[in-house]
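Student: Could we go through the charged pairs and the surface of this model together?
Tutor: Gladly, let us take them in turn.
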Amino acid sequence: MLITQLKEKETIVSLAGEKAFIINCQGCKEVRFPEKEAEELQKELAAEGKVTGIITTDYICNPDNMKLRLESHKEEIEAADVILVFSCGVGVQTIAEYFEEKKVCAACDTYPLPGFQGVTPLEYNCDQCGECYLNLTGGICPITACSKSLVNGQCGGSKDGKCEVDGEMECGWERIYRRLAQIGRLDVLKCPTQIRNFATDDEVSK
């Protein structure tokens, strides 16, 4: 199974900003989702007036199902500054694809245990690195979208927007740059990315 673990409370509160629309995914029973902890935290945010709406659904990564659910919450989503997603990385990337011009953030980290990770027919993947970078890269995973899994920017080897390792693959970091420009968050690229902590994998797996 997979394990999704909430990010630090202070981090989630900061991500929520002034107004957040919250999406919970409880579809994959093979994924350990911190349901009780997430519910308590979301109640706190709602009590502070930071939440425009909350939905809990099965399989965020099923695009047909999710599209219908989101349509019925259009006004609440438009009123939010950010969409805060409580799911594995696949779900966050799926939601980010729907809202290319809105900030979409991951409230959880996903850890690398063998298991099922979603039913999306789209080309998304979660490497379960334990330190989700999606909040810094516009909802596009640098670990899986880049052939070299670079987390601090593009390598310089791309040509005409294509990866030097796989000529058929679009450069992940060029995609990230375009997405950040679209949502007005290019300032994120000025901040050095924290070095990846591989020790978290072992801690959770024990």
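This is a predicted model: local features need pLDDT of at least 70, side-chain atom pairs count only at pLDDT 80 or more; totals for chains, interfaces and linings use all residues.

Tutor: Residues are numbered from 1 along each chain as its sequence is written, and side-chain values use heavy atoms, with hydrogens and water left out.

Student: Which side chain meets Lys9 in a salt bridge?
Tutor: A salt bridge here is a side-chain nitrogen of Lys or Arg within 4 Å of a carboxyl oxygen of Asp or Glu. The N to O distance for this pair is 2.7 Å. The partner of Lys9 is Glu44.

Student: How many residues apart are Glu44 and Lys9?
Tutor: The pair links distant parts of the chain, with Glu44 in helix α2 (residues 35–47) and Lys9 in helix α1 (residues 9–16). Helices are DSSP runs (H or I, at least four residues), numbered from the N terminus. The separation of Glu44 and Lys9 is 35 residues.

Student: In which helix do Lys43 and Glu39 both lie?
Tutor: Their side chains meet in a salt bridge, 3.6 Å from N to O. Lys43 is exposed because its relative accessible area is 54%, while Glu39 is partly exposed at 42%. The two residues are 4 residues apart, about one turn of the helix, and that helix is α2.

Student: How far apart are the closest N and O atoms of Glu164 and Lys148?
Tutor: Glu164 is partly exposed, with a relative accessible area of 47%, and Lys148 is partly exposed too, at 36%. These two form a salt bridge, and their closest N and O atoms are separated by 2.4 Å.

Student: How many salt bridges does the count come to?
Tutor: Side chains of opposite charge can pair when their charged atoms come close. By the salt-bridge rule, the count is 6.

Student: Where is Leu186 found?
Tutor: Leu186 has a relative accessible area of 31%, so this residue counts as partly exposed. Its place in the chain is the loop between α7 (172–182) and α8 (199–205).

Conventions: Buried means under 20% relative accessible area, exposed over 50%, partly exposed in between (1.4 Å probe, protein chains only).
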